Amino acid sequence: MFRGSIPPLPTPFRRGRIDEEALRGLVERVIQGGSHGLSVGGTTGEPGTQTLEERKRVIEIALEQAAGRVPVIPGTGALRLEETLELTRFAREAGAQGAMVIVPYYVKPNQEGLYRYFAEVAKAVPDFPILIYNIPGRAGVEIAPKTVARLRRDFPNIVGLKHSSKDLEYLSQLFQEVGRDFLVFCGLESLTLPMMSLGAVGTIAATANWLPKEVARLTELALAGDFQGARELHYYLLEANEAIFWDTNPIPLKTVLSWMGLLEKEWRLPLGPTTPEVEERLRAMARRYRLIGEEA
């Protein structure tokens, strides 16, 4: 179903509005770079500062530009269940191949609440693949492997999970509970290879917006069992993967993409520009990877 590198795209803004032309360019860049799919509306896309109509428009643009060449798996989660259902249904009707739904943030629900929340999503779109987005650092709570297993047993359209945590023990426990054919994607850039060595099928890594060919190749090598080749790329990508988190994502990502001429250096509050010190580190990193020239 879904495999390999699925870059999570940032949402470009120009004077406060979605920059549709720049978004199409980002979609095209990752497809031409060999990515195996793409996602919009996840953490990297700043969905929490967008209206539902804006989030729907981003999904439409991504699907239009991708034109069926790769799967599009938008993030459709929100704190309110009603908004999650509306966005997920919209994604299905618009032609997306699946949806990624974040563990509800801020309220820190218990496991029974999480089960019921994802059960409602799965029941609303029974013929539509759903990836659970487990990101305890942002959500404040983790969905337990036993809860995921219960959901998988009850709802066949819950097909996988994006794991954005350094906890690799969780991954092993998850596979033991749900089965090793469950589609797990790495959500922390520098842990792509370690997670794939345990059975993950790919990565949803923001670094692929900078280096789509290299991230895609790493996942291809790992899926083929060539862990020596994948290891070389792992170390090659290490600084770029770490740079994504030198400030809050997507601030470093957008900063470098703006220098590359791919979007405006613009966020929505409360996000803002990084410090001059981080910019200096980012500029040196971008030059080393030849994302920008020496004069930039």
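Which residues does T88 touch, not counting residues up to four places away in sequence? The list runs to T76, A99, V101, V121, V125, F128 and I130, with contact taken as heavy atoms within 4.5 Å. T88 itself sits in helix α3 (residues 81-94); helices (H or I, at least four residues) and strands (E, at least two) are DSSP runs, numbered from the N terminus. At 1% relative accessibility, T88 counts as buried, because buried means under 20% relative accessible area, with exposed over 50% and partly exposed in between (1.4 Å probe, protein chains only).

A word on the model. It is predicted, so to speak, with local features needing pLDDT of at least 70 and side-chain atom pairs counting only at pLDDT 80 or more, while totals for chains, interfaces and linings use all residues. Residues are numbered from 1 along each chain as its sequence is written, and side-chain values use heavy atoms, with hydrogens and water left out.

Now for the sheet. Six strands make an open sheet in the order β1-β8-β7-β6-β5-β4, with parallel pairing; two strands pair if DSSP finds at least two bridges between them. β1 (4-5) and β4 are the edge strands, each pairing on one side only. β4 and β5 run parallel and are joined by four bridges.

Strand β5 (residues 130-134) in turn pairs with β6 in the parallel sense over five bridges, and here N134 is partnered by H163 in β6. β6 then pairs with strand β7 (residues 183-186), again in the parallel sense, over four bridges. There L161 finds its bridge partner, V184, in β7.

Next, the nonpolar cores, each a set of buried Ala, Val, Leu, Ile, Met, Phe, Trp, Tyr and Cys residues joined through side-chain atoms within 4.5 Å. The largest has 89 residues, and L38, I143 and W210 touch the most other members. Helix α4 (residues 111-124) gives the most to this core, with eight residues. Apart from it lies another core, of 13 residues, which includes F2, I6, L131 and I204. As for I143, its contacts beyond neighbours within four places in sequence are V103, Q111, L114, F118, I132, N134, V148, L151, L161 and Y170.

On a 1 Å grid over the protein atoms alone, a cavity is a set of points where a 1.4 Å probe fits but cannot get out, and a pocket is an open set with protein on both sides within 12 Å along at least five of seven lines; lining residues have an atom within 4 Å of a point. Grid points are joined across faces, edges and corners, and a volume is the space filled by probe spheres set on the points.

The largest pocket has a volume of about 610 Å³. Its lining counts 30 residues, of which E46, P47, G48, T49 and Y105 lie nearest the centre. At least two lining residues each come from α2 (52-66), β4 (99-102) and α5 (136-139).

Cavities of 30 Å³ or more number two, and the largest cavity holds about 80 Å³ of space. Among the residues lining the largest cavity are E189, S190, T203, H234 and N241. α8 (192-198), α9 (212-223) and α10 (227-243) each supply at least two residues of that lining, and the largest share, three residues, comes from α10.
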